[in-house]
Amino acid sequence: MPLKIDRGLMHWLGVIAVTLVCIAIQGDISWMKAYPKSLVVPFSDWMNTGMQWFIDQFGAIFLAIATLLEWPIKGVQWVLHALPWIVCTFLFCLVSYIASGWRLAIFTLFAALYIVVLGYWDESMNSLSLVAISVPLAIFVGFVFGVWGFYSDRAERIIMPTLDILQTVPAFAYLLPILMLFGFGTTVGLIASLLYSFPPMVRNTIVGLRGVPSEIVESGIMSGATPAQLFWQVRMPTASKQILLGVNQATMASLSMVIIASIIGGTADIGWEVLSTIRKAQFGESILAGIVIAFMAMIMDRITSGLATQSAEYNRKQQTLFARYRYWIIAAAGTVTFLLLAKLIPAFQEWPRDLQFSPAKIMNEGLTYVVVNFREEIESIKKFAFFYFMLPTKIGLQQAVSPFTWGFELKLVHSLGYAVMMVAIACWCARRWNNQVAIGVLLFAIFFYFGLTNLPWPALLLIYTVAAWKVSGPYLAVGTLLGLGFLVVTGVWPQAMLSLYLCSIAVIISFLFGTAIGIWAAHNDRVSAIVRPINDTMQTMPLFVILIPFVMLFKIGDFTALLAIIAYSFVPAIRYGEHGLRNLPEGVLEAATMVGCTKSQLLWQVKIPLALPVMMLGLNQTIMYGIAMLVIAALVGTNGLGQTVYIGLSDGDFGVGMIAGIGMAIIAIIADRMTQAWSKKRQAELGISV
Amino acid sequence: MRAHQNPSKNTIKLSCKNIWKVYGDDPDQFFTSGNGAVANAHAHADQITKDNHIVANADVSFDVHVGEIFVIMGLSGSGKSTIVRCLSRLVEPTAGEVMLDGEDLLRKTESELIEIRRHKMGMVFQSFGLLPHLNVIDNIAFPLKLQGVAENERYAQAERVIELVGLQGRENNFPKELSGGQQQRVGIARSLAVEPDVWFLDEPFSALDPLIRKQMQDEFLRIQSVLHKSIVFITHDFHEALRIADRMAIMRDGGIVQIGRPVDLIMRPVDDYVREFTRDVPWESILRAADIVESHQGSVSGMKKISGDTLIESLLPYLAEHESGVAVEDENGAIMGVVTARGVVAALAAGCDVDIADADTAD
Ligand SMILES: Nc1ncnc2c1ncn2[C@@H]1O[C@H](COP(=O)(O)OP(=O)(O)OP(=O)(O)O)[C@@H](O)[C@H]1O
Ligand SMILES: [Mg+2]
């Protein structure tokens with residue numbers, strides 16, 4: 001293919017030229033290198049003032065709400081603590097059995113025993129009581145908004161973007177305003193988890209109600225249903241499966257937020273247990289407590305999703321009164337029996353302290369042993385990644401290459417060699433594929449040489465804006481310019497670049513490896529069967545827990561954060577990769593095989609191009625997951641926006657934390673819109689829809 | 001059961017006049033106060049289309065008589081579903097008039113409409129429209145439940161219609177446990193549970209495979225022979241229309257092209273579009289004795305006597321053996337004439353002629 005010089009290519013070459021010029025002159029023009037401090041718009045001060053004013057005016061209302069909400073939480077907590085653990089365990093197992101069957105019931109029993117024997121019962125019940133209050137609230141609120149959005153297009157136009165923002169603003173940033181409005185206490189966790197968990201309920205309610213086939217609605221109308229009957233007896237039951245899926249997602253979101261909220265401290269719940277032990281470097285303890293969270297998440301997930309699938313298998317009419325109320329009867333009888341039992345045997349009431357057993361000590365010793373004996377290996381893995389990938393991306397080959405790190409000094413020859421090689425690769429790519437790939441290679445070469453944090457901000461602004469323009473059009477370009485401009489003028493640009501650097505490496509690695517595994521899984525049922533449960537578990541796992549093993553081995557720092565982000569964000573890449581390849585139009589594949597494609601031609605020239613839009617959605621999700629984890633990773637000492645949010649939170653500086661939170665949301669939204677737009681564009685070109 | 005036998009054939013049950021349904025930003029602009037009577041419907045429809053609106057129904061008028069099966073046919077997108085939804089007010093017509101039992105249906109309030117649907121109308125849907133969370137008997141009793149009928153009573157009534165459609169024994173199954181044919185029986189039973197006068201069926205058998213479809217048509221005719229509903233039946237299958245229609249209308253681009261008895265449409269199609277539908281019709285299965293009866297001098301004693309309504313198809317074996325043919329009687333038992341083997345062959349040949357002539361013009 002000859003090199004085609006078209007307008008698009010010229011634009012990009014222009015951008016690259018401008019970038020290089022900017023880099024060349026940034027030594028002389030100081031505002032090019034760093035946005036001048038004197039020009040920073042004091043948004044954070046304004047926000048603090050605004051917030052202060054708001055609190056002065058309305059603070060009392062929020063405090064009242066807080067005290068009001070404290071009661072039900074206290075109530076549930078009291079009940080859960082007052083009941084002997086054996087009774088609670090029985091009831092949990094019963095619910096598991098009803099929702100999913102024997103296997104889940106046994107698993108629940110096992111988990112409960114684990115919690116009791118290791119002595120995490122009280123902490124777990126504290127977390128559970130928050131979830132128990134926040135989930136019904138979230139379901140109610142989400143349902144109401146969902147129904148409203150379903151009936152009113154105008155409402156939907158307001159609701160949907162609001163949900164977008166609520167779900168992309170990092171979880172930490174929620175805590176700040178809530179903390180300021182409601183004051184310290186359990187309510188913060190409740191409100192935060194409510195805010196975080198009702199959006200999926202809204203979405204699923206709307207999707208479910210929309211998805212009711214029109215003929216079913218019409219048949220309801222023709223049966224003479226009044227509007228209320230039509231809603232409750234026709235639309236709702238038909239949409240129930242999707243709506244229950246919303247309940248499932250709301251529950252999971254609620255639990256993960258309850259855990260995250262424990263960082264504000266003082267809650268004595270299981271999240272706090274994990275966090276405080278991580279901070280004290282008691283890894284055995286933290287991983288044992290983390291397992292409790294994982295158990296809780298898995299069981300809640302199975303119960304709610306079990307109920308959702310069950311709703312599709314409607315129960316036959318129960319004949320007898322006993323059969324109809326059998327679960328209530330069993331529950332009552334079991335409760336009474338176990339209460340009596342607990343009275344007789346004190347260990348059933350409260351597990352005695354001296355019978356508690358914790359392998360934490362042994363684990364810690366084992367870990368120390370591993371760390372001491374394999375220090376060289378661990379260190380060299382860390383160094384390798386750090387010197388050859390992370391450092392160059394962060395500060396550029398230009399600074400990263402030194403005798404200390406790479407073993408030689410970067411001389412002009414090397415730089416020239418690098419430049420020639422990269423240009424050659426770009427030309428080759430342009431011939432082999434197309435100009436876009438070549439441009440990508442060139443930009444990557446520049447990033448890698450000078451380092452993301454060393455590139456002048458005007459150049460980056462230009463690159464992102466032009467990219468947004470190319471994939472989507474003027475609206476997104478203007479949005480991108482304004483959004484990134486906001487980061488510049490509020491002075492958080494350097495932190496944003498630090499976040500971006502970590503996140504980009506993680507996302508690229510996750511996406512490449514994840515997609516590769518996804519492709520493998522699409523061709524191999526055994527791999528698929530192995531990968532799926534791992535993915536499911538990773539997705540239900542609260543973010544905290546994923547962090548633990550990496551902190552144990554690699555201590556705190558960028559590398560640990562990187563691994564944690566990768567571990568969490570490669571799940572969607574696998575999922576979408578496999579899904580995209582497995583759901584290709586059958587006819588196309590057959591036709592391609594018939595014209596004599598070899599297996600690898602089929603994969604590279606037919607399947608992957610066709611599956612690319614779906615894979616791009618996978619990339620989109622990978623980025624979103626990466627950003628979510630990035631914020632949590634701030635806990636283990638990364639720099640960047642996540643860290644700033646965290647600082648704002650611990651200092652109670654609303655403005656600073658909020659700006660950083662908004663900054664992350666801006667990056668997330670821009671990345672989201674760009675990948676979505678690209679996927680849509682490809683879909684339109686291929687004439688398919690995902 | 002056929003209209004021309006029915007004593008009340010002249011009573012109009014349901015009628016629509018100049019119905020228009022236009023989709024788009026502002027459909028009302030094309031009509032003054034919902035009046036659908038425009039001078040030149042074709043030109044008007046073209047005008048509306050030019051204005052970026054979709055004309056789903058254009059100037060549709062017809063009557064449905066008491067006890068009659070009125071079939072609407074047309075290609076996909078010709079507006080069949082829309083017109084039947086205008087008649088039941090599932091869709092609000094942009095212009096025109098719908099009269100049910102002499103009352104203006106479009107003037108009814110929401111609550112009056114609910115009452116009408118609860119007692120006078122039933123509808124069957126192409127993809128059944130069953131409620132997935134209710135079992136067969138609850139699906140069928142659903143309209144009664146909405147009316148607040150007590151449980152025993154509504155189950156008793158549901159049992160009656162279950163028997164009518166032959167679904168005994170499946171009462172406790174859920175829709176997804178049933179075959180397509182069985183699901184549609186549930187749909188039919190549900191629409192009959194309230195004992196409606198007017199029965200709308202929108203391609204009820206299109207989703208079924210041919211054998212089941214034939215069986216369901218027989219079943220449908222049997223039910224109708226018991227119940228005598230006034231029916232609007234939609235199909236895109238001409239053979240189906242032939243089997244069940246008393247009268248039928250053919251639609252194109254939202255408008256009606258021709259209305260008449262199936263025989264009229266075959267014998268005297270108004271244009272090539274209608275002729276295209278009737279092209280490969282098996283003549284023997286639509287021609288009835290009365291259509292080809294020859295006058296006969298002399299006595300008919302000793303000849304087999306049949307009604308004018310009899311299909312030629314069913315006479316063929318007998319005619320093959322009896323040279324003199326059969327005598328044809330009208331409703332009152334008076335002799336109309338005879339049908340002979342030769343007469344049948346001549347009529348079928350004429351049918352072929354139509355085909356050949358048509359083929360010639362097509363070239
Ligand atoms: N809600 C709507 N909005 C816009 N156009 C519509 C709507 N409903 C129907 N139409 C259009 O009206 C026309 C007639 O549709 P209708 O469903 O009545 O056709 P049909 O004859 O029933 O076709 P089929 O045999 O496929 O069921 C079609 O062109 C359709 O696109
Ligand atoms: Mg239709």
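**Rings, charges and a ligand shell**

The charged end of B:Arg252 sits over the ring of B:Tyr273, at 4.7 Å from its centre.

User: OK, what kind of model is this?

Analyst: This is a predicted model.

User: Which residue lies over the face of A:Tyr327?

Analyst: A:Arg326 does, and the distance to the ring centre is 4.5 Å.

User: Switching to rings with rings. How many aromatic pairs are there over all chains?

Analyst: A search of the whole structure finds 32. In one of them, A:Phe54 and A:Phe58, the ring centres are 5.0 Å apart and the planes stand at 50°.

User: Why is that pair tilted?

Analyst: Planes under 30 degrees apart count as stacked and those over 60 as edge-to-face, with the rest called tilted. The planes of A:Phe54 and A:Phe58 are at 50°, so the pair is tilted.

User: Where in chain A are A:Phe54 and A:Phe58?

Analyst: Both are in helix 3 (residues 43-82) of chain A. Because they are 4 residues apart there, about one helical turn separates them.

User: And how exposed are they?

Analyst: A:Phe54 is partly exposed, at 28% relative accessible area. A:Phe58 is partly exposed as well, at 34%.

User: What about A:Phe143 and A:Trp232?

Analyst: They form a tilted aromatic pair, 6.3 Å centre to centre, with 35° between the planes. This pair links distant parts of the chain: A:Phe143 is in helix 6 (residues 121-151) and A:Trp232 is in helix 11 (residues 227-261), 89 residues apart.

User: Is A:Phe143 buried or exposed?

Analyst: Buried means under 20% relative accessible area. A:Phe143 has 16%, so A:Phe143 is buried. A:Trp232, at 53%, is exposed.

User: Which residues do ring pairs link into a cluster?

Analyst: A:Trp53, A:Phe54, A:Phe58, A:Phe62 and A:Phe182.

User: New topic, the ligand. Which residues are around ligand 1?

Analyst: Among them are B:Tyr23, B:Ile54, B:Lys80 and B:Thr82. By class, the shell has 4 nonpolar, 6 polar and 2 charged residues.

User: Which element gives the most to that shell?

Analyst: Helix 2 of chain B, with 3 residues. Strand 2 (54-65) and helix 2 (80-87) of chain B each supply at least two.

User: Which residues have an atom 2.6 Å or 3.1 Å from an oxygen atom of ligand 1?

Analyst: An N or O atom in the side chain of B:Ser81 is at 2.6 Å. A polar side-chain atom of B:Glu203 is at 3.1 Å.

User: How much of ligand 1 does the protein bury?

Analyst: Taken alone, ligand 1 exposes 630 Å², and the protein buries 61% of that.

Key. Residues are numbered from 1 along each chain as its sequence is written. Chains are lettered from A and ligands numbered from 1 in the order in which they are written. This is a predicted model: local features need pLDDT of at least 70, side-chain atom pairs count only at pLDDT 80 or more; totals for chains, interfaces and linings use all residues. Side-chain values use heavy atoms; hydrogens and water are left out. A residue is near a molecule or strand if one of its heavy atoms lies within 4 Å of it. A polar contact is a pair of N or O atoms within 3.5 Å; within protein, one must be able to donate a hydrogen and the other to accept it, and residues adjacent in sequence count only if both atoms are side-chain atoms. Accessible areas come from the Shrake-Rupley method with a 1.4 Å probe; for residues, only the protein chains shown count as cover. Ala, Val, Leu, Ile, Met, Phe, Trp, Tyr, Cys and Pro count as nonpolar, Asp, Glu, Lys and Arg as charged, and the others, Gly among them, as polar. Rings of Phe, Tyr and Trp (its six-membered ring) pair if their centres lie within 6.5 Å; planes under 30 degrees apart count as stacked, over 60 as edge-to-face and the rest as tilted. Buried means under 20% relative accessible area, exposed over 50%, partly exposed in between (1.4 Å probe, protein chains only). A charge sits over a ring if NZ of Lys or CZ of Arg is within 6 Å of the ring centre and within 35 degrees of the ring normal.
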